[in-house]
Amino acid sequence: MSVAVERKGMNRRAFLIKSGWLAAGVTVLTSCGAARSVLPAMPSFSSPEPEDALAWVQALPGGQIRFFCPRMEMGQGAPLGLSQVVAEELNIRQQEIDCVSPATDQTPPFKMTVGSEGIFDFFMPVSYGAARLREALRGLAAEKAGLAPELVQDGESGFVLPDGTVLSYGDLVPSEPVVLSVSASSRADEALRRYALERKGAYRAIGQRWKHHELEAMVTGKTVYSRDVTLAGMLYGQVRRPPAFGARLQSANGRAAEAMAGVNAVVIDKGRNFVGVVSDNPFVLATAVQAIEVEWEMPEELNQDQIEAVLDVEKYRAQNDFEHELTAAGDIEAGRAQAVHRNTARYDTSLAAHAQMEPRAGVAWVRKDKVEIWCGSQDPFFVQRRVAKAINRNLDDVVVHSHRMGGGFGGRVLCLASEEAAVLSAAAGKPVRVQWDRETEFQSSYFQPIFSHFIDAGVTSDGRISHWEHDFVSSPIMTGPMPKSIAMVVDRVMADEGTARGALSPYQLPDHRVRYSDIRTAVPIGPWRALGAAPNNFAVESMIDELAVAAGMDPVKLRLLNLPPEAVRLAAVLERAAALADWGQTVPEDWGRGIACGVYKGQTAAAVVAEVRVDHKARQLLITSMWCAQDCGLVVNPDQVEAQIMGNLIWGCTMALKERLTVAAGAVQERNFDRYEILTHREAPEMTVALVEPPDAPPVAVGESALGPVAAAIANAVFDATGRRARRLPMSYEGVFSDG
Amino acid sequence: MEIAINGKAVAVPERLNDVVLLDFLRDFVGLKGTKFGCGIGLCGACTVHVDGIADRSCQLSVADVAGQEVTTIEGLSGAAPDSVLHPVQQAWIDESVPQCGYCQGGQIMTAVALLRDNPDPTEEEIRDEMSGNLCRCGTYPRIHRAIVRAAKGGQDVSRG
């Protein structure tokens, strides 16, 4: 890049000062890039702009590169993969990167960490920001050597001059803070070399099995999760939960609690539906919060059968009434007439919880001039906005410090614990910690909605799908974390694409129609790993298996026959998974194998083979083995991608066999792991994972991409073993062998 | 009353005798490596060693461990600040086990106790012994491999 660099003063951006830039260093900024307008208390939806990345990568005195990673870490490892992109552009080693989870005053706002977009959406901007910094440093090297930048060659962690002199980044970064401003000219961008794009087949950092820089801290118990945050003089808070969704505080009397030793205050705010206690003794909290006398105004009673009655696909079919048509083509009746084997079936999935291992927590310190929050959230800028609203403060007063999350899975876009801590801290005048217990985590979060599907499909005499009529109902997901007033409006004008994710089958369907309704019930709903992708794929890929069985065809062959010619990547993973599993071999009695596949968000192709064994004596369905082939394009870190796929497979096993929340009297009945079980080590299948990586394919979604096909593969394997279909999740031995 | 935590004697104020050991470790002693997951002894995130035996610190009171030796994940590799990692911790790193990492301290404490009693466990024994420690990220396959690796003295035992 031949654009001259211009030094600017340090007062351009408040976040620079706050981000430690008064200490020293070099950063690159464009001359535009004013802070973007921010809607009040809405999740952060905006995709990253390349210019945003200029604030993410900085060179520190000594040559260390600080990376303010714009993806929150919850175990998916995006900060590691993106660090590899930074290293590729800057020709540095892992130990030269200081990867930091930025506080909200250290970078401009960035999009919430959702949708498996960490690499897909951020690979390019991070590469851009790091490449821009490298060229700015090259400009400094050229200036120092009195040479044209073109003569300054790349070296290890720095540059090499024509005479062989080595200038490391450490030699170039002044101890005084410097901001290099580059104009955002498209010509300069065109000339900018992007090693993350150029060095295909010869990457130095990308594609390597780098280990996460926090591994040692994690295995020695030193990682600070939000539950582990401690401030000097911190008090402890807990909020009294409403007994049901939508229960309103009628009256509260805190005298008994206030009389308890160690209790500082009881905070009652009827308008906010808030009753909480603050104590300087963490060990009396649980007793104190229960000692508050509270009367609630209960909403209309809400029970499981009412929810299931609302989300019943056949009811809407009877009325021929669906809100949204996802796709339609051809003539269903004409297609149906071509069917030599016709199948109709209903598939249902359950209300589910995230059940991440760390129940959320937040520490808040509300002062006159500043509000600080320490939490783990997938959207720290949303937390910032919500906290500002909750305690009526200016957005700029609020700073959110982000911690590694003990699991996220879509459930941590909000952090209500932080808002509760802020309200209590504002009242107490001291820092306050709020930690949710497991019961609160189950009752006070949002959930994966019920999905209810009906599919009418068939196969022609030559094994092609004759028609595909697919209707389903569920609840809106994307609008879940929004304020209710806004969400209700959005629901009316917009089909929820999160609910519909993965509902379009990848097969060639001349005569087809897919319709759905997203209907809100009183149960709080929000993103859960892969959103609609897993329940929708379960229905689609179960039906495909039913069609193969009806037509007497091998399910792999039927899929390959019906895929359109352009679906080469999906076909390739299907074939790869089948080969991995040695598909077609006979299995013993009471064993079975099933296959399913899918394309996540139109990006990532995955195919899964499941093998099950039916243990009649123990009356159990056991998943013995799984094989998965995935094509997620360029693999930035194979170790991390394999870990994510294994995580998806195990998540899918839990979804298929175990997860179901039920509601009685407006409350979740399963409030701990005794009644909401997740897969155990003993139940985890053997796993084999293969990555299919076509040349020149950019990196795409990984974090939840293999989940879609898992449940269908298991259900199809159960059919293979038993001749019985599991069409309702979670499935069980009893359910499969009941006549219902 | 005194209990020994990671080799150091800790005097317990009398008013805290009945406090849950997990809460005591985290909020009195300040050892945050032992995690709260469920509070009913089902998830294993709070696993510590009491006189060398893996136990759920959310199901014990401080008084329950009076006079006994409690080891937490922080104390596993010895007291010195620059001490090397315990071989099981090293195996966990070698196999890149953790995803979110929250349950892993408890997993490691259970695995260490398992290998102490049974230095060369079978696959079935590992599965049985580790099934009280839940992981939502789905790291079981790598946990399994890390335990086998540690049992084999740190050798890579990857299957192909």
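Residues are numbered from 1 along each chain as its sequence is written, while chains are lettered from A and ligands numbered from 1 in the order in which they are written. Because this is a predicted model, local features need pLDDT of at least 70 and side-chain atom pairs count only at pLDDT 80 or more, whereas totals for chains, interfaces and linings use all residues.

**Exercise 1. Describe how chain A is divided into domains, and what the contact of domain 1 with domain 3 takes from each.**

Step one is to list the domains, whose bounds come from an automatic or database domain assignment: domain 1 of chain A covers 6-211, domain 2 covers 226-299 + 360-435, and domain 3 covers 311-353 + 447-737.

Step three looks at the domain 1 side, to which helix α2 (residues 78-90) of chain A gives the most, with four residues; helices (H or I, at least four residues) and strands (E, at least two) are DSSP runs, numbered from the N terminus. By class, that side of domain 1 of chain A holds eleven nonpolar, eight polar and three charged residues, where Ala, Val, Leu, Ile, Met, Phe, Trp, Tyr, Cys and Pro count as nonpolar, Asp, Glu, Lys and Arg as charged, and the others, Gly among them, as polar.

**Exercise 2. Trace the pairing of strand β4 (residues 65-68) of chain A with β3(A) and with β5(A).**

Begin with strand β3 (residues 57-59) of chain A, which runs antiparallel to β4(A) and is joined to it by three bridges; two strands pair if DSSP finds at least two bridges between them. Within this pairing, A:R66 of β4(A) is the bridge partner of A:Q58. The hairpin of the two strands has five residues between them, and in it A:G62 takes a positive phi near 95°.

Next comes strand β5 (residues 97-100) of chain A, which runs parallel to β4(A) with four bridges between them, and here A:C99 of β5(A) is the bridge partner of A:F67. Together with α2(A), the strands β4(A) and β5(A) make a right-handed β-α-β unit, right-handed meaning that, with the strands pointing away from the viewer, the path from the first strand over the helix to the second runs clockwise.

Finally, consider the side chains of β4(A): A:I65 and A:F67 point one way, A:R66 and A:F68 the other way, and all are buried. A residue is buried if 20 or more other C-beta atoms lie within 10 Å of its own, exposed if 12 or fewer, and partly exposed in between, with C-beta atoms placed from the backbone.

**Exercise 3. Explain why helix α13 (residues 380-390) of chain A is largely enclosed by the rest of the structure.**

First take the count: nine of the eleven residues of α13(A) are buried, so this helix is largely enclosed by the rest of the structure. Among these buried residues are A:F381, A:F382, A:R385 and A:R386.

Then ask what lies over them: the cover of the buried residues of α13(A) includes β18 (371-375), β19 (398-402) and α14 (416-428) of chain A. Just after the helix, A:N392 takes a positive phi of about 55°.

**Exercise 4. Characterise chain B and its contact with chain A.**

Start with the elements of chain B, which are five helices and five strands, in the order β-β-α-β-β-β-α-α-α-α from the N terminus on.

Continue with the domains: chain B is divided into domain 1 (2-75) and domain 2 (87-151), with 21 Å between their C-alpha centres. Their contact brings 15 residues of domain 1 of chain B together with twelve residues of domain 2 of chain B, and β3(B) gives the most to the domain 1 side, with three residues.

End with the two chains, where 42 residues of chain A are in contact with 44 residues of chain B. The largest share of the chain A side, seven residues, comes from α21(A), and that side divides into 20 nonpolar, eleven polar and eleven charged residues.

Conventions: Two residues are in contact if their C-beta atoms, placed from the backbone, lie within 7 Å.
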